[in-house]
Amino acid sequence: MSELAAIFIGMVLINNFILVRFLGLCPFFGVSKKISSAISMGVAVTFVMAVSSVATWLIRHYILVPYDIEYMDIVIYILVIATLVQIIELFIKKTNANLYFAFGIYLPLITTNCAVLGITLINATQGYSFTGSVVAALGGGLGFTLVLAMMSGIREKLELANIPKSMRGLPIAFITATLLGLAFQGFGGML
């Protein structure tokens, strides 16, 4: 149990995908302008991470390893992730049109979100059990959502601040992300 807790906390805070591993930066900067869109994106990415971790763990342990074709893992993982994102996109389009339009281009970009591919590869290289893989995916997704929500809250406040014109938009977002990354480095000695 303590091993699963360590995996979860490690993925949320210590090895955060965005601030420590620098994965998922495209939606981090693209969708972090409004907190509602950021949380929705974080939930969607977390769901894709969890489901893709389940699917890729099963594929790895019941197909790739027994048939000694582990070198195909990245291709198979990308195929699984792309399929899951298409299913989620169709589901959101049918059930919540406002959310679908709020995501815009970023929803299909989950397919190319390296954080999703990253969690499947981390699960494989770390040799996590089935439960450990799911816990790592949920922790990674929660950490992704947490940082995305924090960044969007800060960016909403920065819209009201008196910032020099040359620093508005992405330049101040990069500085803010750097400061968040430095703050998250403090979790390094936690476990």
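Q: At roughly what angle do the axes of α3 and α4 cross?
A: In this predicted model, the axes of α3 and α4 cross at roughly 140° and come within 10 Å. The crossing of these two helices is right-handed.

Q: Which residues make the contact between α3 and α4?
A: On the α3 side they include F47, V48, V51 and L64. On the α4 side they include D73, Y77, I81 and V85.

Q: What makes F29 buried rather than exposed?
A: The relative accessible area of F29 is 14%. Buried means under 20%, so F29 is called buried. F28 is buried as well.

Q: Why is F174 called partly exposed?
A: F174 has a relative accessible area of 44%. Buried requires a value under 20% and exposed a value over 50%. The value of 44% lies in between, and F174 is therefore partly exposed.

Q: What makes the aromatic pair of F28 and F29 edge-to-face?
A: The ring centres of F28 and F29 are 4.9 Å apart, and the angle between the planes is 65°. Ring centres within 6.5 Å make a pair, and planes over 60 degrees apart count as edge-to-face.

Q: Why is the pair of F29 and F174 called tilted?
A: The ring centres of F29 and F174 are 4.6 Å apart, with the planes at 55°. Stacked requires an angle under 30 degrees and edge-to-face an angle over 60.

Q: Why does the pair of F29 and F174 tie together parts that are apart in sequence?
A: F29 belongs to helix α2 and F174 to helix α8, so the pair joins parts that are 145 residues apart in sequence. Together, F28, F29 and F174 form one aromatic cluster. The whole structure has six aromatic pairs.

Q: Which residues have the most contacts inside the largest nonpolar core?
A: They are F17, F28, M49 and I110, in a core of 47 residues. Among the elements that give two or more residues to this core are α1, α2, α3 and α8. The helix α3 gives the most, with eight residues.

Q: Leaving aside its neighbours within four places in sequence, which residues is I110 in contact with?
A: With those neighbours left aside, I110 is in contact with M41, A44, V45, V48, I81, V85 and V116.

Q: Where does the charged end of R21 sit?
A: The charged end of R21 sits over the ring of F17, at 6.0 Å from the ring centre.

Definitions and conventions:
Residues numbered from 1 in each chain as written. Predicted model: local features only at pLDDT ≥ 70, side-chain atom pairs only at ≥ 80, totals over all residues. Heavy atoms only, no water. Core = buried A, V, L, I, M, F, W, Y, C linked by side-chain atoms within 4.5 Å. Buried < 20%, exposed > 50% of the residue type's maximum accessible area, 1.4 Å probe, protein only. Helix = DSSP H or I, 4+ residues; strand = E, 2+ residues; numbered from the N terminus. Contact = heavy atoms within 4.5 Å. Lys NZ or Arg CZ within 6 Å of the ring centre and 35° of its normal. Axes fitted to C-alpha atoms, helices over the stretch in contact; angles between N-to-C directions. Left-handed = near helix turned anticlockwise from the far one by under 90°.
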